[in-house]
Amino acid sequence: MSYRMDGWQEPTLGENLARAGVSRRDFLAFCGALTAIFATGAVSGKANAAEVEALAAELSAVTKPNVVWLQLQECTGCMESVLRSGGTTVEEVVLNLLSVNYNELVMAAAGEAANTALDETNKEPHILVVNGSVPRADGGIYCTIGGKTAETVLKEAAEHATVILAVGACAVWGSVQASKPNPTGAVGVDQIIKNKTVINVSGCPPIGEVITAAVAYLLTHDDPPKLDAEGRPLFAFDQRIHDSCPKRPHFDAGQYVRTFDDEGARNGWCLYEMGCKGPSTFSPCPIFQWNLHTSWPIGAGHPCIGCTEKDFYDRFTPFYHVLPNVEGFGIEASAEKLGWGLVGVTAAGVVAHAGVTALRNATARKAHHEDEPLAAFGDAGAEPVEVYSGPQSKPVKAVVAQAAAEAAEAAEAAEAASTAEGPTGPEGKE
Amino acid sequence: MTTLDHPDAIPAGPAGEGGYPPLTVGGAYTIGKLSSSQVMALAAAAPWDSSDPVDAAVAKALRAERPDIPIPDVGPWDVDPASPQRRYSVARTRSFDMGGGETSDLVVLRGELNAVLAKVKTTRETRAVLKRNAAHNNRAGWRPLLVATAPVGPGDQVGEFTLQGFVTIGIGARQGEVLGGPSNWSRVNVWSISLRFQHWLNVAVIFTLSCTGFLIMDPLFRSSAYEGEQTGFVMGWIRFVHFGAAFLWVVIGLTRIVSAFTSRDPHLRWPVFWPLKKKQDVRNLGQVVQHYLFIKHEAPLYLGHNPLQQLAYTGLYALCAVQMGTGFALFGLYHQSNWFWALISTPCHWFGVPLVRLFHSIIMFLIWCFVIGHVYLAVRADSLERHGGISSMINGGVWLRRGAQPVDAPEIG
């Protein structure tokens, strides 16, 4: 299927699409897909017919919107993701029709003419779409367009923007260039534009359909879509890849790829043990896939690296391990190694402590015997006992006699006390 | 028979004079048919003329504890003292009261453990029990003086020697350290049934969560899948059990929080979580630490938890709370359109999911470390102090010496 692409010639989007050769059937199919995306949480692809009709009516009635599509510090991969999708799609036609005022990659104008187009659109209310991050280090010299830093270009374009769409990991948080050590000081759009809602269409690159869906949503709805904590539209980012992954049954069955060339890999089993970040990554990749549903990373046997998540280069690496490594010991250790190390050290500590306890007990016992040898135990070195030593030394007798004397004394004292109490004494005693 | 008013009784200098170390008798242990007092009486069997400090000490102890039991009479020629070559003494006593109105002439062996054991016929079990008890007394600084007897028949025929038990001899004044017999101990109920129930439920749940959690982190069950065998829903079940146990764990945690505020038992209420309320508590904490580092022999006595122990448990509570928090933050990811789970999963947006998983794994290992230390210290304390700390988590009661003065409870009666 190929469409004629000759720009915005008719008053409404619907008429322009018809002119480009998009049939009513294809357009409705496109709207049906969009409705399915917008229906948060519903991924069946079967949208309510009435909703589809309503969206189609609204979208086709859209008059030419002003769109500024900036491309800052980036690789143009996001745009490639849309343009090189494997054939001309309705999505592409829609995007081409919209992104006409200013876009570095696809616009026909150049030089002074392009800058003038940008300045004029900036003065009017417009939709601002941003690809690429904003480098702020060293006065922003790492990315300049027409003599202005990326930050200035972005701020000027954002001033009268009705809505701001940050498309791609670079625009969302800075992506690769913002990862440690971030030499250019790259940041995402929402770290510069704080007074307006920035809708983050995340991914490196995002799926073309999701970009189109986000733009179409803004064209057909008055309010911005519901966003998650990272500013991503929930209609596309409410589920993890893991939740609708076609390999999920292998995960649940415990069938994992252990190396890229093993039997499991050939069988197309789950890539969890290869460090797949699907369980940590919110994206509709398993549903839309890429390049007209041709394939997608996991489908091609490669684990997800989590490119729709913030700081994935720093937080999701090493890509081929289940858990991130633990830094700070001079070396990087895996969490499991560190954990077993902790357990080992504790066990060794316990053994050592128990050893010292035992040693202490043993020495205490020994010392006891050596310090005070007793004849009754036959200890060597004990003073010999004179069993029949005569009347001078008779301890047993002495003890008994002393105890008897003490007892007699106590009895006497008790008697004296009772007599001192007077006539009531004896009665009280009873 | 010797009585208090023995005709030869003459007042003399107190025992312990003449260079003998002052000796204390801890108690008597019986292993045969005799009572412990009778064992003590046998240990006191010595001629009136004996100058042995042990004889004197045992006689004194018998007098003090059981004045009604006479010191067995031993004729001056009926005794052969111990020597380094034969480490027990032999004495003959006549008409010893065996109980039940029965009297018997006996030869009494008294002396060092192994030397006496070599002379008697006993079962291995009896030997083991005796040795274990003797070793325990030894550890606490008491020397066991073993006592064995043999009946003397007509014509001075000496029968087989029977083990009767031992008395413990301590050197120096050892008041307050007496391990003594069961009568020296008092049982105090400390741990409520709810706490004990929570403790063992926690053990079961943490064990389950650790096993399943480890397998989620690192699925070890690998060979079967390669053989083309059916693996069913193995990871599914592991995760199901993990989540089920996690919900149960949270319920246990909540009941502990509720009981901290509603219980009338001071050992359960929230103020116990922070043990350092006074300067003295901090000093006691230091002493406990020094005790465990073998710097100090004595540590302050607590009925409940000592400050170090309580800090460890409070720390564990905090660790478990973080573990539940990170666990449910990860669990909640499955339903981000729901405001509740989105809220619970908020930490995942601060740190990123992999880092939360990392915390969750590391805390599991930290809990394992705690378990190792906890089990070791519980067994160690129960073995050395004999307070029944381990069984107290089952039956609720600990044993304290009568007269002991715990920091956190009135004197034990």
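R136(A) has a relative accessible area of 38%, which means that R136(A) is partly exposed. In this predicted model, R136(A) forms a salt bridge with E151(A), and their closest N and O atoms are 3.3 Å apart. R136(A) sits in the loop between β4 (134-135) and β5 (144-145) of chain A while E151(A) belongs to helix α7 of chain A, so the pair ties together parts that are 15 residues apart in sequence.

- E151(A) is found in helix α7 of chain A, which covers residues 150-159.
- Is E151(A) buried or exposed? E151(A) is buried, because its relative accessible area is 17% and the cut-off for buried is under 20%.
- Setting aside neighbours within four places in sequence, E151(A) is in contact with V134(A), R136(A) and I192(A).

**Other salt bridges**

- Over all chains, the structure holds 21 salt bridges.
- One of them joins the side chains of E10(A) and R19(A), at 3.2 Å from N to O.
- E10(A) counts as partly exposed, at 27% relative accessibility, and R19(A) also counts as partly exposed, at 30%.
- R258(A) and E273(A) meet through their side chains in another salt bridge, at 2.9 Å from N to O.
- This pair links distant parts of the chain, 15 residues apart: R258(A) is in the loop between α12 and α13 (263-267) of chain A, and E273(A) is in the loop between α13 and α14 (285-288) of chain A.
- Both R258(A) and E273(A) are buried.
- D228(A), E230(A), R232(A) and E309(A) are joined into one network by salt bridges that share partners.

**An enclosed helix in chain A**

- Helix α10 of chain A (residues 208-220) has 13 residues, which should span 18 Å at 1.5 Å a residue; its end C-alpha atoms are 18 Å apart, so the two values agree.
- Why is α10(A) described as largely enclosed by the rest of the structure? The reason is that 13 of its 13 residues are buried.

**Chain B as a whole**

- Chain B has 413 residues, of which 47% count as buried.
- You can look for 13 helices and eight strands in chain B.
- Chain B is divided into domain 1 (23-180) and domain 2 (186-401), and the centres of these two domains, taken over C-alpha atoms, are separated by 49 Å.
- Among chain B contacts between residues at least 6 apart in sequence, 62% join residues at least 24 apart.
- Chain B has an accessible surface of about 20500 Å², and carbon and sulfur atoms account for 63% of that surface.

**Helix α7 of chain B**

- The 29 residues of helix α7 of chain B (residues 234-262) should span 42 Å at 1.5 Å a residue, and this agrees with the 42 Å between its end C-alpha atoms.
- The buried residues of α7(B) include M235(B), H242(B), W249(B) and R256(B).
- What covers the buried residues of α7(B)? The cover includes α12 (248-252) of chain A, together with α5 (193-217), α9 (307-331) and α12 (353-385) of chain B.
- F240(B) also has its place in helix α7 of chain B, but F240(B) counts as exposed because its relative accessibility is 55%.

Terms used: Residues numbered from 1 in each chain as written. Chains lettered and ligands numbered in written order. Predicted model: local features only at pLDDT ≥ 70, side-chain atom pairs only at ≥ 80, totals over all residues. Heavy atoms only, no water. Helix = DSSP H or I, 4+ residues; strand = E, 2+ residues; numbered from the N terminus. Expected span 1.5 Å × (residues − 1). Buried < 20%, exposed > 50% of the residue type's maximum accessible area, 1.4 Å probe, protein only. Contact = heavy atoms within 4.5 Å. Domains from an automatic or database assignment. Areas by Shrake-Rupley, 256 points an atom, 1.4 Å probe, with all protein chains shown as cover. Salt bridge = Lys/Arg side-chain N within 4 Å of Asp/Glu carboxyl O.
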